[in-house]
Amino acid sequence: MRKNDIGVIGLAVMGSNLATNIANHGYFVSVFNRTAQKTKDFLKNHPNKNIIPYFSINDFVNSLSSPRCIILMVQSGIATDNTIQSIIPHLHSNDIIVDGGNSFYQDTIQRHQNLLKKKINFIGMGISGGEYGALTGPAIMPGGDKKIYDIISPIFTSIAAKYNDESCINYIGPDGSGHYVKMVHNGIEYADMQIIAETYTILKNILFLSNQEISEIFNTWNQGELKSYLLDITKNILLKKEGKYDLIDLILDEACSKGTGIWTCQDALNLHESLTMITSSVFSRFLSSLKSQRMLASKILSSPKIIPVLCNQVEFIEQLRQALYLSKIISYAQGFSQLSIASKKYNWNLKFYNIAKIFRSGCIIQADILNHIVKVYKYDNNIINLLLSPYFQSIANSYHISLRSVISYTIQQGISIPTFSSAISYYDGYRTAQSSANLIQAQRDYFGSHTYKRCDKSGIYHTNWLQ
Ligand code: 6PG
């Protein structure tokens, strides 16, 4: 009897679309879902001769050719662990489990170790592109044993998004590295979304432009260096109507999150990384969720008087475009810097050229800026910060004045732009040769004898400050 090429467990929208994508590329796909009805509904709505449903784990696993490759498309955390436990008794040594969910990389490292003891192979695979990407071609970030990746790579290479005919998938590195890269991708996604939202609030609340006018501006910007998937969908969002209303005006201003952005920031703290833009994007979502407090505070706490725009509107909009691009650059610089520190800490030997290439299509942060990042890493995998590369330093040196003007003017208007603000603070902090941290060291030594180093001589010093 014919055996199928691959199995997918979990038929929520990402799992269903991924299974369909694989089947559309000519592979035979076994599918299983904990709730049988979901499997039946999926096949009723998306009949596909290459997709074969199973209603017991045993039948599902036995339907696969050896070594069996099973992709888990279930919720991260306990659901992933439970699913792994449910299939282990049916697997043989050398079978392969692929976790395609947004799992926390430390969980992936742990699962990888536990499964190795049972001689079962494990690939932690970051998959980006949302439901549409899963169906038409996602960006894929696989981590685990390279020899195991090589066995399964033909299927995933064929279903991945393409950029100039090149598949947006590359082997990332050992154990949790694929999910780590996906986590940082999501962090960058948070910052990208937040700076676009801050740009929208400036255009709306300072220039008083309509959603349609803002959409037109985003459309124009999207033809140039700011071209990105997120700007593209934002221009569409702003045009969506519901009856006589713009839908955007009916959506409650409380941002939710599933946790990957928070993990990115927590990890930045552990690595001592200055991941200020992603962190401020996460905090902005938290602050947004305090809607009732914000409504109360808006009546009690005063705002500044509105002052007229300092320059003409066209000039201001160009400054804003430059501010958005430079902020985006700083955010990617921070994200890639975190990847570089993590790579050293976990001995992953990440290849940033390959990672930047994956991000160019299929994923949520796909953008033209990635072509410049690819070029930088092509020649130097060890560059310490993207801002120091010739292209990015030239943009920074010519756009930082616009970022400053936009931020200072917007803050004077009483409009919150935390992520733009954190961009310029990082930029100035990073390019400051002599900072104020000498005072912090003196304070620490004063109250806690924590000692300090000196600029004029080597060694560790303590001063009795009260003498
Ligand atoms: C992707 C997305 C995807 C998911 C986000 C949403 O790359 O396809 O990032 O993974 O949509 O995780 O995240 P929040 O719910 O935290 O905004």
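A salt bridge here is a side-chain nitrogen of Lys or Arg within 4 Å of a carboxyl oxygen of Asp or Glu. By this rule the count in the structure comes to 16 salt bridges.

Before going on, the basis. This is a predicted model, in which local features need pLDDT of at least 70 and side-chain atom pairs count only at pLDDT 80 or more, while totals for chains, interfaces and linings use all residues. Residues are numbered from 1 along each chain as its sequence is written, and side-chain values use heavy atoms, with hydrogens and water left out.

One of the salt bridges joins Glu-166 and Arg-360, with the closest N and O atoms 3.8 Å apart. Glu-166 lies in strand S9 (residues 166-167) and Arg-360 in the loop between helix H15 (352-358) and helix H16 (369-379), so the pair ties together parts that are 194 residues apart in sequence. Helices (H or I, at least four residues) and strands (E, at least two) are DSSP runs, numbered from the N terminus.

Now the ligand. Its shell takes in residues with a heavy atom within 4 Å. Of the 15 residues around the ligand, Asn-102, Ser-128, Glu-189, Tyr-190 and Lys-258 come nearest. The shell divides into two nonpolar, nine polar and four charged residues; Asp, Glu, Lys and Arg count as charged, and Gly is among the polar ones.

Which helix gives the most to the shell? That is H8 (residues 177-205), with five residues. Domain 1 (6-175) and domain 2 (183-430) both give residues to the shell, so the ligand lies between them. The domain bounds come from an automatic or database domain assignment.

A backbone N or O atom of Lys-258 lies 2.7 Å from a ligand oxygen; for Gly-129 the corresponding distance is 2.9 Å, and for Gly-130 it is 2.9 Å. The protein covers 81% of the 420 Å² of accessible area that the ligand has on its own, by the Shrake-Rupley method with a 1.4 Å probe.

Last, two backbone details. The peptide bond from Ser-66 to Pro-67 is cis, with omega near -5°, and Pro-67 sits in the loop between helix H3 (57-62) and strand S4 (69-72). Asn-164 is not a glycine, yet has a positive phi of about 50°; Asn-164 is in the loop between strand S8 (162-163) and S9.

Key:
Polar contact = N/O pair within 3.5 Å; in protein donor to acceptor, adjacent residues only side chain to side chain.
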